[in-house]
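Visitor: Hi, could you walk me through this structure?
Guide: Happy to, let's have a look together.

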Amino acid sequence: ENTSGRGMFLMDTSRIRNNIDSIHRGYLPLIDSLKGKNVVIGIIDGGIYWQHFDFKKPTDSTTRIKYIWDQVATGTGTIPTPYNYGRQWTETEINNNTCTHVPPANDFGHGTCVAGIAAGNSLSTKGTAYEGQLTGVAPEADIIAVRVNNSNFQTAVADAVDYIFKKADSLGKPCVINTSIGDYYGSHDGKDLTTQLIDALITAKNGRVLVAAAGNGGNVPFHVGYTLPGADSAYTL
């Protein structure tokens, strides 16, 4: 917070520093503006605040979220097949306000924040001094959100990737999935079974991309490291 007691914007220059504004404007060598139109962004995270106006269309305020799969939820909603766990809601249920997905309180809005960075369109700032200024990277993209089941994490993530790509296929659109999540299990060499499965899903056809966050474990002693002994190189096994 600043001294006025109001919240501060902490990513208000990120579009400029990462040349996103230039892409939005279609600067050369691009031949047109790119804002995510006709592309699906998948968010595998802790859930999404689907009522947020940044995930609605500016033309009619209907949702841009095509599907939500809450892998932890029970109760109302459809159990998606062939996974047979959790609950799913469609854009129709979201628009009808019958979606009962509630992001977890311990998520601290992480999934919503990530979705906003990736695909927010700043509709929530309408009528304010910031109207239209705080858009995400792809403000015209469709959204598919999956709240991941942390108790069976690796299988749940693989299922989520499969689910999102199949839903994007049903929409006839290319898809990029963001995974700002992770754990410290597995071989970390791309050869564990979960990684091989996800890799096979990505390479199964054109128009599929998965992006993984760098993570928050740089200070965790799970990595090999040492000081070089004076020379400019060293070798170890």
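**Helices, sheet and side chains**

Guide: The axes of H5 and helix H6 (residues 193-203) come within 10 Å of each other and cross at roughly 5°. That makes H5 roughly parallel to H6, where roughly parallel covers angles under 35 degrees. Axes here are lines fitted to C-alpha atoms, for helices over the stretch in contact, and angles run from 0 to 180 degrees between N-to-C directions. Helices (H or I, at least four residues) and strands (E, at least two) are DSSP runs, numbered from the N terminus.

Visitor: Before we go on, what should I know about the model and the numbering?
Guide: This is a predicted model, in which local features need pLDDT of at least 70 and side-chain atom pairs count only at pLDDT 80 or more, while totals for chains, interfaces and linings use all residues. Residues are numbered from 1 along each chain as its sequence is written, and side-chain values use heavy atoms, with hydrogens and water left out.

Visitor: Thanks! Which residues in H5 and H6 meet?
Guide: From H5, Gln 154, Val 157, Ala 158, Val 161, Asp 162 and Phe 165 meet Thr 194, Leu 197, Ile 198, Leu 201 and Ile 202 of H6. Contact means heavy atoms within 4.5 Å.

Visitor: On to the sheet. In what order do the strands come?
Guide: The order is S3-S2-S4-S1-S5-S6, an open sheet of six strands with mixed pairing. Strand S3 (87-90) and strand S6 (208-212) are the edge strands, each pairing on one side only. On average, neighbouring strands of this sheet are turned by 15° against each other, direction ignored. Two strands pair if DSSP finds at least two bridges between them.

Visitor: How many bridges join S2 to S4?
Guide: Five, between strand S2 (residues 65-70) and strand S4 (residues 142-147), and the two run parallel. As an example, Ile 65 has Ile 143 as its bridge partner in S4.

Visitor: And which strands does H4 touch?
Guide: Helix H4 (residues 110-119) packs on the sheet and touches strand S1 (40-45), S4 and strand S5 (175-179); the direction of H4 makes about 160° with that of S1.

Visitor: Which residues of H4 are buried?
Guide: Gly 111, Thr 112, Val 114, Ala 115, Ala 118 and Ala 119. Seen down the axis of H4, these buried residues fall within an arc of 160°, so they line one face of the helix. The arc is that of the directions from the helix axis to the C-beta atoms. What covers them includes S1, S4 and S5. Buried means under 20% relative accessible area, exposed over 50%, and partly exposed in between (1.4 Å probe, protein chains only).

Visitor: What about Thr 179, where is that placed and what is it in contact with?
Guide: Thr 179 is in strand S5 and is buried, with a relative accessible area of 7%. Leaving aside neighbours within four places in sequence, Thr 179 is in contact with Ile 44, Leu 210, Val 211, Ala 212 and Ala 213.

Visitor: Switching topic: how many salt bridges are there?
Guide: The count comes to eight, a salt bridge being a side-chain nitrogen of Lys or Arg within 4 Å of a carboxyl oxygen of Asp or Glu. One of them pairs Asp 142 with Lys 173, with the closest N and O atoms 2.4 Å apart. That pair links distant parts of the chain, 31 residues apart: Asp 142 lies in strand S4, and Lys 173 in the loop between helix H5 (153-171) and S5. Asp 142 is buried at 9% relative accessible area, whereas Lys 173 is partly exposed at 22%.

Visitor: Which residue does Arg 208 meet in a salt bridge?
Guide: Arg 208 meets Asp 169, at 2.6 Å from N to O. Arg 208 in strand S6 and Asp 169 in helix H5 are 39 residues apart. Arg 208 is buried, with a relative accessible area of 13%, and Asp 169 is partly exposed at 33%. Elsewhere, salt bridges that share partners join Arg 15, Asp 21 and Arg 25 into one network.

Visitor: Last one: which residues does a cis peptide bond join?
Guide: Leu 28 and Pro 29 are joined by one, with omega about 10°, and Thr 81 and Pro 82 by another, with omega about 5°. Pro 29 is in the loop between helix H2 (20-25) and S1, while Pro 82 is in the loop between S2 and S3.

How values were computed: Angles under 35 degrees count as roughly parallel, over 145 as roughly antiparallel, 65 to 115 as roughly perpendicular and the rest as oblique.
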